[in-house]
Amino acid sequence: MSRLILAETRGGQLTTATWHTVGAAAALPGPLEMLIAGWPLEEPIALPAGLERLLLCRHPALAGQTPELLADLVASLAGRYRTLLAPATSFGRQLLPRLAARIAAPFIPEIVAIDGPHRFVRPAFAGNILETIQAPPETSPLLLSVRPSAFPRALPATTQPPTEWLAPPATSLPHAAFRGFRASPGDRPELGSAAIVVAGGRGLVEAEGGFALLEQLATRLGAAIGATRSAVDAGLAPGDWQIGQTGKIIAPRLYIAIGISGAVQHLAGIKGAGTIVAINRDAGAPICAIADYVINQDLRKVLPEWLARLEAS
Amino acid sequence: MILLVGIKQVADPNHPARLGPDGFAVECGDAAEVPNPFDLIALEAALRWREAGVATEVIVVSAGPPSWSEGLSTCLAMGSDRAILVELAEAPDAGTAAAILAETARQVGAAWLFTGRQGVDRDLGVTGMMAAGLLGWAQASQVVELGPPDGEGGVTLLREVDGGLESRYLHPPGVISADLRLGEPRCVTLPAILAARRKRVERLEAAALSLPFLPGCPVVARREPSPRPGGHLLRDVAELMARLRPEFTTP
């Protein structure tokens, strides 16, 4: 009945998404273990509470947590567990399907809710339909990828679980190699987990210097910055600021949409948001229908005024 | 070098998907079926490799009902050399689709399998990398930049990952799934569409292929998410700031 979390690491520590995956695992019965296979790994590595055992594999070949090598490593362990969970980030999305095919295990990707030990809910059609999926109860293991924004973050551990060190598997594909990671610039809160997000869309394409004002607002509010596909395509924002069906799926407490019309593909990324504010001069824009607060004015007037008032207060 | 591209038909994503009166079937109104946008991005990348002289042949393959030959005709019009339809009564689940792609890749002797990042209907995003697992090939998902192959046929590529870009080096055979920014698919001209009608879409019976069994997980229920309650139209920034004050004062 055991569960194994496949941990995603960055900068030597577990990612926020991994912490939320542990939060999701709390809804399933049985002992919880975690596999951390990567390079480099910090010492000590901050761990969530609730782990009965930690499996550690630390080796330069695991830089970038390459899926070919990790699939081989996990395949050798998978039979010990009832369920394997990974965050539905680029890490989990590249590892779990490969692993599922390798060991012929059932795999349910991108779950947002757990409805019992064998029933899972996931979004489809850009989040307009929620599917309930039944896992075959007798098959082990079951693979799940977890949408981090849909589950709470686990609490930190107060004790160190027993640790087992694993040797890395011999590499069967020496030519599938990680070459490097180039982080997007910026020292703002991480978009995927920020409590407040300010995002810009097509409306900023016409407003000269508009994105610069949006960035100032984000700084003032302590917010992360997001963008729609239109803004990214127009070169106003890098690709990993994109929020939507094929970008980031986020659930901030406060989401401020500036010059965003609210295309279906974008709304798919914010369905879990707490309070939504829309600043859009077009009252008929789809985002206005789902926002909690709407200012139906030109962002070129609203943004400077908001910044001026924040400055004054 | 032969490139195989997997093509799935989806309901036109610009039509909202809704549940039908039985509360289970998904209805997309009178939305036409179109090739999955990400798969066309993958095909475009393959065609550019052929045009650069890197590949010799681009083959597209779909696994689905007979009506899916329409989408393959579009792919022929874009410039594919061959199109194969593996016929099934209805669209397969991801595991079956992956098994068919893997087996077809073996049969045609492909060095690379290209797929789209995800089908915009079910948003699973698994078929390409499952095929990689079945084949035991190198893989790269969410690819936004693809370099030309080097002397040994290996490629350096960029993947869009959380927080930035990851660089990978892959030696063929390999599976690549295309993300949005890999490239804009070319438009098809009317003469090309007419010319493509003369090219034959090859048909294979799925039952004739020997496929590994991958267990599926059935959808047992569907629902639409609860709509958000209506919002407030505010007069001005001052009112907005007053309304949002709790957001910034509550610890």
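**Two chains and the contact between them**

In this predicted model, the side chain of B:Asp162 comes to 3.4 Å from the backbone nitrogen of A:Ser90. B:Asp162 sits in the loop that links S10 and S11 of chain B. The side chain of B:Asp162 also takes part in a salt bridge with the side chain of A:Lys248, at 4.0 Å from N to O. Apart from its neighbours within four places in sequence, B:Asp162 is in contact with A:Glu8, A:Arg10, A:Thr89, A:Ser90, A:Phe181 and A:Lys248.

Chain B contributes 72 residues to the contact and chain A contributes 84 residues. Between them the two chains bury about 6,600 Å², and 56% of that area is on carbon and sulfur atoms. The rule finds six salt bridges across the interface of chain B and chain A; the pair A:Lys248 and B:Asp162 forms a salt bridge between these chains. Residue pairs in polar contact across the interface number 39, counting pairs with both residues at pLDDT 80 or more.

Which elements of chain B give two or more residues to the side that touches chain A? They are strand S3 (18–19), helix H4 (127–135), strand S9 (138–146), strand S10 (155–161), strand S11 (164–170), strand S14 (219–223), strand S15 (232–234) and helix H6 (237–249). H6(B) gives the most, with eight residues. Sorted by class, this side of chain B has 38 nonpolar, 15 polar and 19 charged residues.

S14(B) also pairs with a strand of the other chain. Strand S10 of chain A, residues 129–134, is joined to S14(B) by four bridges, and the two strands run antiparallel. One residue pair can be picked out here: A:Leu130 has B:Arg223 in S14(B) as its bridge partner.

B:Pro218 belongs to the loop between strand S13 (201–205) and S14 of chain B. Leaving aside neighbours within four places in sequence, B:Pro218 is in contact with A:Thr132, A:Ile133 and A:Gln134. B:Pro218 is partly exposed, and its relative accessible area is 47%. Within its own chain, B:Pro218 is 51 residues along from B:Ser167, and the C-alpha atoms of the two are separated by 36 Å.

Chain B as a whole comes next. Chain B has six helices and 15 strands. Its C-alpha trace spans about 65 × 45 × 45 Å along the principal axes. Of its 251 residues, 54% count as buried. Among contacts in chain B between residues at least 6 apart in sequence, 70% join residues at least 24 apart.

Is helix H2 of chain B, residues 69–78, largely enclosed or largely open? Seven of its ten residues are buried, so the helix is largely enclosed by the rest of the structure. The buried residues are B:Ser69, B:Gly71, B:Leu72, B:Cys75, B:Leu76, B:Ala77 and B:Met78. After H2(B) comes B:Gly79, which has a positive phi, near 130°.

Chain A has several backbone features to look at. Most residues other than glycine have a negative phi, and most peptide bonds are trans. Against that background, the peptide bond that joins A:Trp39 and A:Pro40 is cis, with omega about -10°. A:Pro40 is in the loop between strand S4 (32–39) and strand S5 (53–63) of chain A. A cis peptide bond also leads from A:Glu43 to A:Pro44, where omega is near 0°. A:Pro44 is likewise in the loop between S4 and S5 of chain A.

A:Gln65 is not a glycine, yet its phi is about 45°. Its place is in the loop between S5 and helix H2 (67–75) of chain A. A:Gln65 is buried, with a relative accessible area of 6%. A:Glu110 is also not a glycine, and its phi is positive at about 60°. A:Glu110 lies in strand S7 of chain A, residues 107–111. A:Glu110 is buried, with a relative accessible area of 4%.

Note on methods: Residues numbered from 1 in each chain as written. Chains lettered and ligands numbered in written order. Heavy atoms only, no water. Buried < 20%, exposed > 50% of the residue type's maximum accessible area, 1.4 Å probe, protein only. Contact = heavy atoms within 4.5 Å. Buried area = accessible area lost by both parts, 1.4 Å probe. Polar contact = N/O pair within 3.5 Å; in protein donor to acceptor, adjacent residues only side chain to side chain. Nonpolar A, V, L, I, M, F, W, Y, C, P; charged D, E, K, R; others polar. Pairing = 2+ DSSP bridges.
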